[in-house]
Amino acid sequence: MDQADKKKIDRADFLKGKLEDVVYTDPMKLFSNWYQEAIEKNCADPHAVVFTTASLEGKPSSRIVYMRELLEEGVIIYTNYTSRKGTEIIENPNVALLFYWDCCERQIRLEGQVKKIDPLISDDYFAARPRISQIGAWASEQSSVIPNRASLEERVAFYEKKFPNEVPRPPHWGGLIVEPTYFEFWQGRLGRLHDRICFEKEENDWATYRIAP
Ligand SMILES: Cc1cc2nc3c(=O)[nH]c(=O)nc-3n(C[C@H](O)[C@H](O)[C@H](O)COP(=O)(O)O)c2cc1C
């Protein structure tokens, strides 16, 4: 990479907002407000979030998933329970989520523990999905090595035949809820002097503090 290319990576200043020195009390409310703003301002893929898990030995792995619901208790995502992420969270329920909303010059970091949601809620969500996604959830043994593309398509054809009408939810597919115990709200500012406000769960309350950029 030459000098000109390196310069292109360095973006212009962040100027779109600020986090004042006020007392913030409810991180879920702030999260929900920022999420709404990301939607209203047409940020690209506002529901996309980097989901990081780690093995028992602490080896991390990240991938993008979609946040499907934001509740008081946490963030709901849906996935294959036998995938790499699905098996890592059984060994180690400590996870991180990272949202980046470029159009608002904001990122939110969340850390906490993850668990499976009530199967009945997963059933409802699955039933509302397009048929092609439902068949895909049966056909794809997510994260497993497969010999070629054709083998995946054969499995799709198999499940298309097996379930000509309603497609039941596969037992290996469903929702997860990430219950946060830590948040960081990051707002880009002039001269890289960004605002960073953190929340840490203390029993039933949130401690809040500012950290240096
Ligand atoms: C924009 C985007 C959205 C995605 N949404 C999901 C999702 O909601 N659930 C999911 O399991 N995978 C989703 N994926 C695929 C994952 O990134 C990943 O490839 C898959 O979950 C397997 O990850 P794993 O092998 O680490 O378990 C999405 C990928 C992209 C790029």
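Author: Let us begin with the ligand: β2 gives the largest share of the shell around the ligand, namely four residues, where a residue belongs to the shell if one of its heavy atoms lies within 4 Å of the ligand, and helices (H or I, at least four residues) and strands (E, at least two) are DSSP runs numbered from the N terminus. This is a predicted model, in which local features need pLDDT of at least 70 and side-chain atom pairs count only at pLDDT 80 or more, while totals for chains, interfaces and linings use all residues. Residues are numbered from 1 along each chain as its sequence is written, and side-chain values use heavy atoms, with hydrogens and water left out.

Reader: Which residue has a side-chain N or O atom 2.8 Å from an oxygen atom of the ligand?

Author: That residue is Arg-63, whereas Ile-64 brings a backbone N or O atom to 2.6 Å from a ligand oxygen.

Reader: How many salt bridges does the structure hold?

Author: A salt bridge is a side-chain nitrogen of Lys or Arg within 4 Å of a carboxyl oxygen of Asp or Glu, and the structure holds 14. In one of them, Arg-106 and Glu-37 meet at 3.1 Å, N to O. Arg-106 lies in strand β6 (residues 106–116) and Glu-37 in helix α2, so the pair ties together parts 69 residues apart in sequence.

Reader: Is Arg-106 buried or exposed?

Author: Buried means under 20% relative accessible area, exposed over 50%, and partly exposed in between (1.4 Å probe, protein chains only); Arg-106, at 10%, is buried, while Glu-37, at 24%, is partly exposed.

Technical notes
Polar contact = N/O pair within 3.5 Å; in protein donor to acceptor, adjacent residues only side chain to side chain.
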